[in-house]
Structures are given as structure tokens and as C-alpha cells.
Amino acid sequence: KKCMFITDIISTVEFNCSGELLATGDKGGRVVIFQREQESKNRLLSRGEYNVYSTFQSHEPEFDYLKSLEIEEKINKIRWLPQQNAAHFLLSANDKTIKLWKISERDKRAEGYNLKDEDGRLRDQFRITTLRVPVLMPMDLMVEASPRRIFANAHTYHINSISVNSDYETYLSADDLRINLWHLEITDRSFNIVDIKPANMEELTEVITAAECHPHQCNAFVYSSSKGTIRLCDMRAAALCDRHSKFFEEPEDPSSRSFFSEIISSISDVKFSHSGRYMMTRDYLSVKVWDLNMENRPVETYQVHEYLRSKLCSLYENDCIFDKFECCWNGSDSAIMTGSYNNFFRMFDRNTRRDITLEASRENSKPRAMLKPRKVCTGGKRKKDEISVDSLDFNKKILHTAWHPKENVIAVAATNNLYIFQDKIN
């Protein structure tokens, strides 16, 4: 267990494809990358810890003079590209602009130039009497981050999702009303593949909340809406995917309808399973797992914090009801994780249907200490270890979580603290 302090509020967390690197983006436009240390021979029992590998400023605050709008630098999403060579590449997005970054190492420098001195000054040409062959000399390791592509001016509204396609040549970006398809090599144009903007904005009834490419079929993608529906589209059917191939929606129970029904049914995140057979959606109170072959209802529903249903009025007044919680799968798709309030996060085992509530806090983040399950008292007499619903801190919320693609290592962002937990080693 490890807790790392980051100077600003963390807005996204993402492991790379091998799990050796972990990137966080924050409200100040910075990206911090952590690298897993190699396991040392004298400490075989301890798996490699994550330490800071590189920090760089990805986005700066900008101003749109035409619309008199400030564009904040906050990183909304980070997505890694699969590693092809010694360098690593990632996409980072703020509200309007997506950047492709190259992260590379340099531990050698060339010395013995013919036309330059060691300090970089040009040598007098009359003093050059012999031809030298420059040699590579070892130097202290430097990790460099450089922007290779900038994808701008394609989104009128705020970007909420980016997703790399399984062909590793294209990716999609989504805002409130449109989804664009980009080629990683081409920055000056993108293809608009979904546009739900009505001719008259007064007729607008829903917005796009999240979008993701299928992990194996490069022609398929899904997007979720604020009405609690998910559409699966096939890019082979038409250039503009305004007609979906599949439409996933769970019929609402009329007996539980209330003023807040539409708000809490809005989907804040959608994620395909690694196998590509299922997808998971997160709304305000629950996580649902859908089989792509069954559109009329989810195959699994997990209540995240059902005890908040009676508190929706106060959560509406303090705007917490609009919080956007993310969700993630473990590497084998057998478990899922999502966040809650009071720095609690929830894990659900899909095979045993068991669930657990854990807390990420500085008080219980001593290295190698076991996390104790937490319980929320929903009524009646409160037991010793339980916490009352009324004493939950709604300012402490876990919106962003990530699960290592191969191991039981998880990263949990709690405001400006990043917690990394791993399976107990005997």
C-alpha cells in the first residue's frame, strides 16, 4: 500500500498496457507518470513499488476570444498507446485539445564533434586539422516528454472521452453532442461519426456522457447518454453512425420514479470488458454489466451506495448528484471496482457475488498494512465498526480508479492523493 501526494486535484488515472507505468492527470494540466521499480533480489517478498518516473505540463490555460470563454488546463482523460519500441506514447485531453506525447529515456550523449566544442560553441575552422568520429558517452538517465501531435479545433463542446481503437491507428474523441474519429498521424482533420445536435437547441433532450472503442473489433464502438441508454454503432454501416446497431436500455420501474430519476439514471462511464463480450456502465447509484448480445436489460446489477437514495434531495442541493464516477474491470474481467463518498471504494466479485467496501485515507495508509472492510449503517442501531450515513463526508469522493491489466494492483485517486494497493503477500 502506498500513498502519493500530487500538488493538484487528480482528474484521471490510467495504467499502460503492461501495467509497468501509471499516469495521472490533474486539474493544473500536469501529467505525472509513475514507474514500477524492478523487484530487488534481496527483497523477493516485496513486489516493485511505483515511484515518480516523469512529470510534465501537458496543457496550459487558454482563452477563446471568439466566444469569450476560458479553456481550463485540467486533464480530462489519458489513454496509453500499446508500446511498439523503447519509447512510450500517450494521449492526453483537456476540454478542447488532445495531445500525443512521447516519453523516452536518454542515458548517452555524443561527444567529440568536429565543428563544435564540448560546450556547444562553434570551433574556428582553421583549427580543424583532423577528422574526429563522435563517440557516445554514458550520462545520467533523463526522461524526456515531447508533444508529437496536437489535435485541436474539432470540438465545440467539452471533451469527455478519448479511446484508442484496436487497429492502433485511429482513436475517437467525444464531447457532449459529437464523436470524432481521428488518425494518429493526421492532426488537421477528423471524421465526425456521431452528431446528436438538434437543429434547434431548445429541442435537446440528451447528451453524450462517455464513449469507448471495442477492444477487438475496430469497426465497433459504444456511447452512453444522460438518459441512461447505451448505443452500439458499427462504422461499416455508414460514414455517419446516426443509426445505432444496438440500443441498450433497462425499463424503468414506475413505482420507484421520482423527481431525481432522470438525473441518477445518467451514465457517467462505460467500459468494455477485456474479452469484448460485456460492457459495464456506471450511473449514480449502481454499476451494471451488459451482455452485448442482450439489449433489453443488464445481466448483472450491483448497488454501490443504495443508502444514499434517501439523501438525494440534499445531494441535489450540494450538486453531488452530478458527480461522475468511473468504473473499471480487473485483468480477467472477474471483478469490478468503482468509487463512492467518504473516500470509500467498492469492489464486486462477479463469480461469488461478494462485495467489499474499502477506504483510501492517509490515516490507514501505513505501508504493508491490511485494509479493513468498512460498513455503512443504514438504519437501526449502529454497530461498533459501522459508520452512519449522516456522518459521511461528501467532499471526499473517489471518482477515478484504475486496475492493473495483469495483477491485483489498483490505483485510487482521492482528491490530490494517489493510493496504490496490492494483494497481501504471505
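Author: Terms first: two strands pair if DSSP finds at least two bridges between them, and strands are DSSP runs of E with at least two residues, numbered from the N terminus. This is a predicted model, where local features need pLDDT of at least 70, side-chain atom pairs count only at pLDDT 80 or more, and totals for chains, interfaces and linings use all residues. Residues are numbered from 1 along each chain as its sequence is written, and side-chain values use heavy atoms, with hydrogens and water left out.

Reader: OK, which residue is the bridge partner of Asn180 in strand 15?
Author: Asn192. Strand 14, residues 178–183, pairs with strand 15 in the antiparallel sense over four bridges.

Reader: And what's the strand order in that open sheet?
Author: 12-13-14-15, four strands with antiparallel pairing. Strand 12 (161–164) and strand 15 (191–195) each have a single partner strand, so one side of each lacks a neighbour in the sheet.

Reader: Switching topic: which strands each supply at least two residues of the lining of the second largest cavity?
Author: Strand 8 (77–80), strand 12, strand 16 (208–213) and strand 20 (269–272). Lining residues have an atom within 4 Å of a cavity point, and a cavity is a set of points, on a 1 Å grid over the protein atoms alone, where a 1.4 Å probe fits but cannot get out. Among the lining residues are Lys77, Ser161, Ile162, Glu212 and Asp269.

Reader: How much space lies in it?
Author: The second largest cavity holds about 50 Å³, as the space filled by probe spheres set on the points, which are joined across faces, edges and corners.

Notes: 1 Å grid on protein atoms, 1.4 Å probe; cavity = no way out; pocket = protein on both sides within 12 Å on 5 of 7 lines; lining within 4 Å.
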